[in-house]
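Please keep the sequence and the structure in view while reading.

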Amino acid sequence: MKLDRKIAQKSQRYFMTGVSLITSNGSQGQNVMAAEWTMQVSYEPMLIAVFIHEDSSTLKNVLETKAFGVNVASEEQTTSVSIAGGYSRKEIDKLRIRNAFGFVKAKKINVPLIAGCILNAECEVVTTKKIGDHVMIVGNVVFICHDVTKKPLVYHQGKYFKMGHAIKPFRQEVKINCNLFDLFSKRANGKFVLKCVGILIKSKGNLLVERSTKLSLEIIPHFEPARGQDYQEALEKYLKKSKLIVTVKPKPFLKRLIFKNGHRMQRANFIMFEGRVIEMSSKFRWKPLKHNSLLKNLDYDVV
Ligand SMILES: Cc1cc2nc3c(=O)[nH]c(=O)nc-3n(C[C@H](O)[C@H](O)[C@H](O)COP(=O)(O)O)c2cc1C
C-alpha cells in the first residue's frame, strides 16, 4: 500500500527531537550541519547513528575521513542550528560566519567541535548504509564530554523549544510499619524501583491475605518476578507452589507506590492480577475488606 505523502508530510512534523551539530573535516573543508536524526544506538561499544541526506557536503567529508563530531545543541544555540541547517558548505563556509560558532579542540579526531553544546562526542565511522533517502552513519564514540550547566534544545513542528520541567511520576504514598518496610527494602536491595507481582482475591466482602507469623505480617499474595519472566506464568507457578488454586483473570492493573517509614522511602510497582480462589492452604486467610488494614496503612484497593 502506498503512503499518502500529503498526510505524511504533516504527520512527520509531530515527532519531537533534539538537534545535533555534526562537524566534519575533509575535501569539502571544515564543516557543520544540523541533524535532528542523531541518536545513541549502543551502550557498549558506545555508538551514535546520524542520518544524512546524500547531497550534503558533510556526507562527503565523513565518508572520506571516517570521522565526525556530534555536538548536541543547547537552548542558546538556535542561531547556530539555523545556519548549520539552512546553508550548505557548497554555498558558504558556515564555520567562518562571524559570531556564529565557538570552537573546542577535539582530543582524538581531526575535526572541530562546537563550544556551548550540552554534549560533544568524537566518533569514528564503523558502518554506513543507505536507508531510504538518507545514509545512516554509525560512529564509535572515542571521546565524549557533557556540560551539566546546559539544557538541550528541543525541535518540534519546525520550531525550537526549551525543555520544560521534569514530570513527577505519580506514586501513591503508603506509610508502612518497620517490619514491612524492612521486608520491601531488603527485597529491593538498593534498586530504585522494586517490581512485584501480586494477586487480589476478593470474595463476599473479604480479601485473601498471606500470613507470615515469623514477621508478624499479613499481606496480599505477591512475589518479586525474575527479569524477563512472563508475569502471569510466574504468578501461576508461585500460586501452585503456595498451594493456592486460583483462576487468574488475564487483565492486570498497575499500582505505583512509594512506601514510607519515618524518613525511609522505597518505590515499588505492583502488577496486580485479580483472581477467584478454588482451594487454599493454611498460610492464607480471609480478611474483611472494610477494615482496610492490609499492609497497615495501605488500603486494599491501593495495592
Ligand atoms: C533543525 C534541522 C534539522 C535537520 N536535520 C537533518 C538530518 O537529520 N539529516 C539531514 O540529512 N539533514 C538535516 N537537516 C538539513 C541539513 O542540515 C542541511 O541540508 C545542511 O545544509 C547540510 O549541510 P552541508 O551540505 O554543509 O553538509 C536539518 C536541518 C535543520 C534546520
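Strands E1 (16-17) and E11 (153-156) run antiparallel and are joined by 2 bridges. Thr17 has Tyr155 of E11 as its bridge partner. Helices (H or I, at least four residues) and strands (E, at least two) are DSSP runs here, numbered from the N terminus, and two strands pair if DSSP finds at least two bridges between them. The model is a predicted one, in which local features need pLDDT of at least 70 and side-chain atom pairs count only at pLDDT 80 or more, while totals for chains, interfaces and linings use all residues. Residues are numbered from 1 along each chain as its sequence is written, and side-chain values use heavy atoms, with hydrogens and water left out.

E1 and E11 belong to an open sheet of 3 strands in the order E1-E11-E12, with antiparallel pairing. E1 and strand E12 (159-162) are the edges and have a single partner strand each, so one side of each has no neighbour in the sheet.

The buried residues of H3 (78-86) are Ser80, Val81, Ile83 and Ala84, where buried means under 20% relative accessible area, exposed over 50% and partly exposed in between (1.4 Å probe, protein chains only). These four span an arc of only 165° around the axis, which puts them on the same side of H3; the arc is that of the directions from the helix axis to the C-beta atoms. An α-helix has 3.6 residues a turn, so residues three or four places apart point the same way. On the face of H3 turned away from the buried side are the exposed residues Thr79 and Gly85. The cover over the buried residues of H3 includes strand E2 (20-24), E3, E11 and E12, contact being heavy atoms within 4.5 Å.

H3 also takes part in the largest pocket, which holds about 830 Å³ of space. On a 1 Å grid over the protein atoms alone, a cavity is a set of points where a 1.4 Å probe fits but cannot get out, and a pocket is an open set with protein on both sides within 12 Å along at least five of seven lines; lining residues have an atom within 4 Å of a point. Grid points are joined across faces, edges and corners, and the volume is the space filled by probe spheres set on the points. Of the 36 residues lining the largest pocket, Ala34, Glu36, Trp37, His134 and Tyr155 are the closest to its centre. Two or more lining residues come from each of E1, strand E3 (31-35), strand E5 (47-53), helix H2 (57-65), H3 and E11. H3 gives the largest share, 5 residues. By type, the lining has 14 nonpolar, 15 polar and 7 charged residues, with Ala, Val, Leu, Ile, Met, Phe, Trp, Tyr, Cys and Pro counted as nonpolar, Asp, Glu, Lys and Arg as charged, and the others, Gly among them, as polar.

Which elements supply the lining of the second largest pocket? Helix H4 (178-188), strand E15 (206-212) and strand E16 (217-219) each give at least two residues, and E15 gives the most, with 3. This second largest pocket has a volume of about 270 Å³. Its lining has 13 residues, of which Leu183, Arg187, Glu210, Ser212 and Ile219 are the closest to the centre. They divide into 5 nonpolar, 3 polar and 5 charged.

E15 has several partners. It runs antiparallel to strand E14 (residues 193-203), joined by 2 bridges, and Ser203 stands opposite Asn206. E14 and E15 form a hairpin with 2 residues between them, where Lys204 in the turn has a positive phi of about 45°. E15 is joined to E16 by 3 antiparallel bridges, with Arg211 opposite Glu218. With strand E21 (residues 284-288), E15 pairs over 5 bridges, again antiparallel; here Glu210 stands opposite Phe284.

E18 runs antiparallel to strand E20 (residues 264-279), with 4 bridges, and Val248 stands opposite Gly275.

Val138 lies in strand E10 (residues 134-146) and counts as buried at 9% relative accessibility. Leaving out residues up to four places away in sequence, Val138 touches Val41, Leu47, Ile48, Ala49, Glu124, Val125, Val126 and Thr127. Phe181 is 43 residues from Val138 along the chain, and their C-alpha atoms are separated by 47 Å.
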